[in-house]
Every structure is written in C-alpha cells, then in structure tokens.
Amino acid sequence: MALRFVQLLVIFVLALATSQRILASDPDILFDYLVPPNNKVDANFFTYTGFRDIFDDVPGTLNVTKATLAEFPALNGQSVSYAILKYPANGGVNPPHTHPRAAELLFLVGGSLEVGFVDTKNVLYTQKLKVGDLFVFPKGLVHYQYNSDANLPAYAVSAFGSANAGTVSVPVSVFGTGIDNAILAKSFKTDVGTVKKLKAGLTTHK
C-alpha cells in the first residue's frame, strides 16, 4: 500500500512538472500555421516590413521595435519573435526587466553594450559586448543593457523563443503599479519620502 502511494505521488509530481513546462511555453500547433479569421493567406501574410530602414536614424532615447504576435500575426504558434533595440550614446539603458515566457538571444550589430543578468541564486553575470557578439539572457531572469559609450549609439537584434515573450519592467512593476508607499519603504529599508521621489522620477521619465 505504501509503495503504491509512493508510485502515485511520483507520477503526480512528474505530471505537475511537465504541465508547468508546457504552460510556460508556446503551445504546439496541429497545423503548419495559424491564420486569424478573415485574413488572406499569401506571401504577404508571412512577410513583416516593420524593420525596413530601421538603422538609418540616430536614437535620442531607447527605442525598441518589436515583431511579435501582436505586430506579426503569422508568428502565432511558431515560438519565435524579434526585437530591434537602439540605445543612444552616453547612457542609453534598457532598465532591469524580465521576459516570463522566453529566453532572449541578443546580437550586437553596432556600437558596444554592457549587459548583465541575475540568476535565482542572486549571482550577477555581466559582459562588455562588441559588434558581432551574442549574449543569452535565460528565460524569466532579471537582465539589462547599457550603452556607456559617450559618442556612439548601439544597435542590437534580439530573438525570443516565443511569439509573445512578454516584458515585465522592474522599475515600473515596483514603483508604477500602486504598491503602497509604506510597504515599499519597509521592503527597501528606506523612508516614504524617498519612495515618493522614485515614483515621481519614474513618471517623469516614462
């Protein structure tokens, strides 16, 4: 009886672990591709033109242009998406954030970047990237990118293993979603006045 119970418990744990992995990723599809209602299927459906001439300008602020399920419906069910990131010179930063549904593979195509992520053991991994370098940010971990070059902007292409990787900004999630000031002050071991200043600064620089 005890052995049977252990066997059932093992099966349950394995099934739960498998279901969690499935829920955390894009679902498999039973067709070659998925077409939204009332859409015509031809070569144009599988083509995205939103990145044309994207590197022609010099960014004044951080600029992120995405090709995800929202912008490119043909990606539905394909478990892939892209983003083009442009960082201005002298401090262009993509603040700490996470992608809950996918890892990110960043390819630096112009300038230089300082990048890093923190794992679940609170270990920080950082790197200074040059043109041609790739860096992977593991799925769901907090990470950032920073352009410290005083004169040159930086340009990167990021690939994601999901058509809808999602983005959770740490500053916005903590200070821009209405969490009580007293709770934040206690959590960060500071005072309410400092929390209010951080919230005000976040609103100013959105």
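User: Which residues does Ser112 touch, not counting residues up to four places away in sequence?

Analyst: A contact is a pair of residues with heavy atoms within 4.5 Å, and on that reading Ser112 touches Lys128, Leu129, Asn147, Asp149 and Ala154, once residues up to four places away in sequence are set aside. The model is predicted, so that local features need pLDDT of at least 70 and side-chain atom pairs count only at pLDDT 80 or more, while totals for chains, interfaces and linings use all residues. Residues are numbered from 1 along each chain as its sequence is written, and side-chain values use heavy atoms, with hydrogens and water left out.

User: Where is Ser112 placed, and is Ser112 buried or exposed?

Analyst: Ser112 sits in the loop between strand 4 and strand 5, where helices (H or I, at least four residues) and strands (E, at least two) are DSSP runs numbered from the N terminus. Its relative accessible area is 16%, which makes Ser112 buried; the term stands for under 20%, with exposed for over 50% and partly exposed in between, using a 1.4 Å probe and protein chains only.

User: How many helices and strands does the protein chain have, and what pattern do they follow along the sequence?

Analyst: The protein chain holds 4 helices and 10 strands, and their order along the sequence is α-β-β-β-β-β-β-β-β-β-β-α-α-α. Of its 206 residues, 29% count as buried. Among contacts between residues at least 6 apart in sequence, 69% join residues at least 24 apart.

User: Which residues of the largest nonpolar core touch the most other members?

Analyst: A nonpolar core is a set of buried Ala, Val, Leu, Ile, Met, Phe, Trp, Tyr and Cys residues joined through side-chain atoms within 4.5 Å. The largest one here has 17 residues, of which Tyr87, Leu106 and Leu113 touch the most other members. Two or more residues each come from strand 2 (81-87), strand 4 (104-110), strand 5 (113-118), strand 7 (134-137) and strand 9. Leaving aside neighbours within four places in sequence, the contacts of Tyr87 include Leu106 and Leu113, and also Pro59, Leu62, Asn94 and Tyr155. There is also a second, separate core of 6 residues, among them Val174, Phe175, Ala185 and Val195.

User: How many aromatic pairs are there?

Analyst: Rings of Phe, Tyr and Trp (its six-membered ring) pair if their centres lie within 6.5 Å, and planes under 30 degrees apart count as stacked, over 60 as edge-to-face and the rest as tilted. By this rule the count is 9 aromatic pairs. One of them joins Tyr48 and Phe51 edge-to-face, at 5.4 Å centre to centre with 90° between the planes. Phe55 and Tyr155 form another edge-to-face pair, with ring centres 5.7 Å apart and planes at 85°. Since Phe55 lies in the loop between helix 1 (2-23) and strand 1 (63-67), and Tyr155 in strand 9 (residues 154-160), this pair ties together parts that are 100 residues apart in sequence. Phe55 is partly exposed at 39% relative accessible area, whereas Tyr155 is buried at 13%. Elsewhere, ring pairs link Phe117, Tyr125, Phe135 and Phe137 into a cluster.

User: Which residues lie nearest the centre of the largest pocket?

Analyst: On a 1 Å grid over the protein atoms alone, a pocket is an open set of points where a 1.4 Å probe fits, with protein on both sides within 12 Å along at least five of seven lines, and lining residues have an atom within 4 Å of a point. In this case 25 residues line the largest pocket, with Leu62, Asn94, Pro95, Thr167 and Ser169 nearest its centre. Strand 3 gives the largest share of the lining, 4 residues. The volume is about 700 Å³, taken as the space filled by probe spheres set on the points, which are joined across faces, edges and corners.

User: Which residues have a positive phi although they are not glycine?

Analyst: Most residues other than glycine have a negative phi. Ser79, with a positive phi of about 60°, lies in the loop between strand 1 and strand 2 and is partly exposed at 30% relative accessibility. Lys189, with a positive phi of about 55°, lies in the loop between helix 3 (181-187) and helix 4 and is exposed at 77%.
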